[in-house]
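Q: I would like to learn how to read a two-chain model, feature by feature. Where do we begin?

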Amino acid sequence: MSGSYRDEMLNRMAQEARRGRLSRREFMAYSVAAGLTASAASGLWTSKIAKAAPQKGGTFKVGLHDGNTSDSHDPGTYQSVGQIQIAHATRSYLTEITPENGLGPDMAEAWSATPDARVWTFELNKNATFHDGRKFTAKDAAASLNFHRGESSTSAAKSLLADVTDIKIDGDHTIHIELGQGSADLPWIMTDYHLVMLPAKDDGSVEWESGIGAGPYKIEKHEPGVVSELVRHEGWHREGAYFDKIEIIVLNDPNARQTALVTGDVHAVTSVDLKTLALLARSPNIEVDNVPSGSAITLPMHCDVAPFNDVNVRQALKYACNRQELVDKILFGTGTVGNDYHVSPGMPYYPDLPQREYDLDKAKYHLKQAGLTELNVELSAADSVLPGAVDMCVLYSEHAKPAGINIKAVREPNDGYWSDVWLKKPFCFVKWGARPTPDNMFTLAYKDDAAWNESHWQNERFNELLLLAKKELDQERRSAMYREMCELAKDDGGTVLPMFTNFVYARDKSVQHSGNLASSWELDGGRGYHRWWFAS
Amino acid sequence: MGDVLDIIVKRLALGAVTLLVISIIIFGMVELLPGDVAQAILGQGATAENLAALRARLGLGDPAIVRYFDWLGGAVLGDFGRSAVTDTPVGDLIGPRFANTLFLACYAAVIAVPLAITLGVIVALLRNTIFDRVANVATLTAISSPEFFLGYILILYLSVKTGYFPAIAKLSSDMTFLDLLHRTFLPALTMVLVVVAHMMRMTRAAIINLLASPYIEMARVKGMPAWKVIVKHALPNAWAPIINVIALNLAYLITGVVLVEFVFVYPGIGQLLVDSVTKRDFPIVQACCLIFAATFILLNLAADVLSILTNPRLRHKK
């Protein structure tokens, strides 16, 4: 193919792509077919199409799942997808996860730590304002974090900030966060969805009831579980917020979401029904975003309860699982196989350990080592945790049967699953939301004394490394420590981690984004509202 | 007329007792559900510490019986309390949604009741013809299909494929009345399909039943046209059973809409009830259920009173 002909063709493709008629994937495929290398094609996409200057205007209508009439503005109770998405659209955080899954500034413009990582200093953005025009100051930042701390706090993020001993205000735009023990990850923790920045009252508490924040959009009308109408916060301190208005419509029924997208009632929807994904993707005006996430399925086994107290039994159960088939059949391919340690490929410090394969001989071997010829266990699950959870357990039990392992899948009631089954039954099905860093995840659910140590796993070396790595600011040494911890979790830990799920959401082709999507939450980490725009 | 008033007063008093019993049953049921409102609010994020703090804030420490009588004390005076989750007064939460549900029920009833009675009269007139069979099969098929299925079929053919009507019944305050009727047509039509069969079949049966009576034969013999015999002579005597069935179906239009609301994303009371049960938000569950119960009680009362009024024989004791 001659050079000029190719350039002409690439230019035309770029034009089509800018109009939204060609997806990134299609563009890549055609460019490679035209003789470009994949990386050149990717670079071309970034420079020619994605950088096509976003433009302002329009009302972005989004159909969300998991919005409830009981959703409150209290950040301590944030739990539903509806709450988390609205929080990202209307309130801001000190730091953010960027579309490239790195850490970027939001309300704080810079941060630094003492060498022992025990005192963190955040320089706040001086241009940031709340929706009612008030300036955002260090006092607000301190009060917003303190809201989750202290004796009487009812916040679900209380344990996240348990190490914080004091928050000091230094002038109008600087805060120092002091920790009981060093933590290199504190700036990452500040992206947690509970830790929104709110206006402080005179007594040091925060004003959360009004729904006011310092985010890109302000609430004009809010009917929990029905609809929220937002308008651009003109004083927002950052680039972006291209849409004039946002309308968040709660569409809990998957069919209603898909129909609304197809008929043009909304421009984007969250959580596409996986069973009909292939049909939706065929629609000419719709683009599906299939984003690998750090959200994991775990099957914790209580390591202090027989038969799981024998590491050979745990290993046998890990080898008896055909992960690829679970991803293909339960997630319809929208996931990645897990490797029994809770660090996803998109997370920092991901160690690329050899993948554990489905190996019945090894499963039998470990069973024999445990002195057993047959193993009978019950695995509890409920479909409210993940649609298809019970099916997954049944499929897993079929995988394990030839090795002499009889797993009985038990369907538990959807109601009260988190209070009555999780942490109570010795072997159950759990789904975790994504956490930004390995330290965050391990401290929450794998540390020996963590309230949510769901597998009751006690490993001295692991816990020693966890504390060392927490305050280690040298990236290389830190990386090596996490690698060792993942190896321990993989071969000694009490959790079968069969897979990480993807976020699968869809949008009208008129809605454009940079081509990179944060994997922390749906819709570009809950930040599509200010990062995306309408093609002209 | 004195008799009728007497009946109304007696029935209302009985209704109040029924509501009281129902409130006790609902309270018991919510108590029996696993988990409490604090656990439901915090979900996977619950720890022993923040659970205890939240329970204290919500006043869940008191024994069940004390909490019930606290609620009852307020309810008798017309104060149904505040939502345990969002701390909004129950009235503010339920009011607008109940109005939406009532609107949809009225919309459906205005179409369904005349349609069902007219169809009933026509099929009685043309009984055992092809028309009778087709009408019966069609309405019985509609009533036998689950509401969400009917809803999806209507969405597929009247919205996705043809675009005549919107698929989601999203309401906004700047809608004109015509917009509103257009937006909510599909959910209303679904409800109509669900209730028509019952009323139509009852009208048909009641009329056919009367057609064998001597006075109808007399009317026929004197040369009256068949449709006039039915409308003027048979129908007035058939009202009592028909009214009862209509009342039952009207009540269903209000209490049975949960699935239709879900499919069409209509912000009615059913969705609120489901959300509140999941969150164990007792004051709202209680208020919603009592509204449903009261609907049944009042509509049944209305049906009985109307049956008596339309039938002079019932008004005068022998």
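A: Begin with contact: two residues are in contact when heavy atoms lie within 4.5 Å. Keep in mind that this is a predicted model.

Q: How many residues of chain B are in contact with chain A?
A: Chain B contributes 37 residues, in contact with 43 residues of chain A.

Q: How is the size of an interface given?
A: It is often given as the accessible area lost when the parts come together. Here, chain B and chain A bury about 3,100 Å² between them. Carbon and sulfur atoms give 57% of that area.

Q: How many salt bridges cross the interface of chain B and chain A?
A: The rule finds two. In a salt bridge, a side-chain nitrogen of Lys or Arg is within 4 Å of a carboxyl oxygen of Asp or Glu. A:Asp265 and B:Arg183 form a salt bridge, with their closest N and O atoms 3.6 Å apart. As for polar contacts, four residue pairs link chain B and chain A, both residues being at pLDDT 80 or more.

Q: Which helices of chain B supply the side that touches chain A?
A: Helices H2 (37-42), H3 (48-58), H7 (147-160), H12 (258-264) and H13 (269-278) of chain B each supply at least two residues. H3(B) has the largest share, five residues. By class, this side of chain B holds 18 nonpolar, 11 polar and eight charged residues.

Q: What is the overall make-up of chain B?
A: Chain B has 15 helices and zero strands. Its C-alpha atoms fill a box of roughly 85 × 60 × 35 Å along the principal axes. Of its 318 residues, 45% are buried. Among contacts in chain B with a separation of 6 or more, 73% join residues 24 or more positions apart.

Q: Is B:Ala238 buried or exposed?
A: The cut-off for buried is under 20% relative accessible area. B:Ala238 has 1% relative accessibility, so it counts as buried. B:Ala238 sits in helix H11 (residues 226-255) of chain B. Beyond its neighbours within four places in sequence, B:Ala238 is in contact with B:Ala206, B:Ile207 and B:Leu210. For a distance in space, take B:Ala167: 71 residues from B:Ala238 in sequence, and 39 Å from it, C-alpha to C-alpha.

Q: Where do nonpolar side chains tend to be in soluble globular proteins?
A: They tend to be buried together. In this model, the largest nonpolar core has 67 residues. A:Leu317, A:Tyr396, A:Ile405, A:Phe427, A:Phe429 and A:Phe442 touch the most other members. Helix H12 (residues 389-400) of chain A gives the most to this core, seven residues. A second, separate core has 65 residues, including B:Leu93, B:Met200, B:Leu235 and B:Ile246.

Q: Which residues is A:Leu317 in contact with, leaving aside neighbours within four places in sequence?
A: They are A:Met301, A:Phe308, A:Leu375, A:Tyr396, A:Ile405, A:Ile407 and A:Phe427.

Q: Why does A:Thr270 count as buried?
A: A:Thr270 counts as buried because its relative accessible area is 0%. A:Thr270 is in the loop between strand S11 (268-269) and helix H8 (277-282) of chain A. A polar contact of 2.8 Å joins its side chain to that of A:His65.

Q: Which residues of helix H7 (residues 254-262) of chain A are buried?
A: Among them are A:Arg257, A:Gln258 and A:Leu261. After H7(A) comes A:Gly264, with a positive phi near 85°.

Terms used: Residues are numbered from 1 along each chain as its sequence is written. Chains are lettered from A and ligands numbered from 1 in the order in which they are written. This is a predicted model: local features need pLDDT of at least 70, side-chain atom pairs count only at pLDDT 80 or more; totals for chains, interfaces and linings use all residues. Side-chain values use heavy atoms; hydrogens and water are left out. Helices (H or I, at least four residues) and strands (E, at least two) are DSSP runs, numbered from the N terminus. Buried means under 20% relative accessible area, exposed over 50%, partly exposed in between (1.4 Å probe, protein chains only). Buried area is the accessible area (1.4 Å probe) that two parts lose on being put together, summed over both. A polar contact is a pair of N or O atoms within 3.5 Å; within protein, one must be able to donate a hydrogen and the other to accept it, and residues adjacent in sequence count only if both atoms are side-chain atoms. Ala, Val, Leu, Ile, Met, Phe, Trp, Tyr, Cys and Pro count as nonpolar, Asp, Glu, Lys and Arg as charged, and the others, Gly among them, as polar. A nonpolar core is a set of buried Ala, Val, Leu, Ile, Met, Phe, Trp, Tyr and Cys residues joined through side-chain atoms within 4.5 Å.
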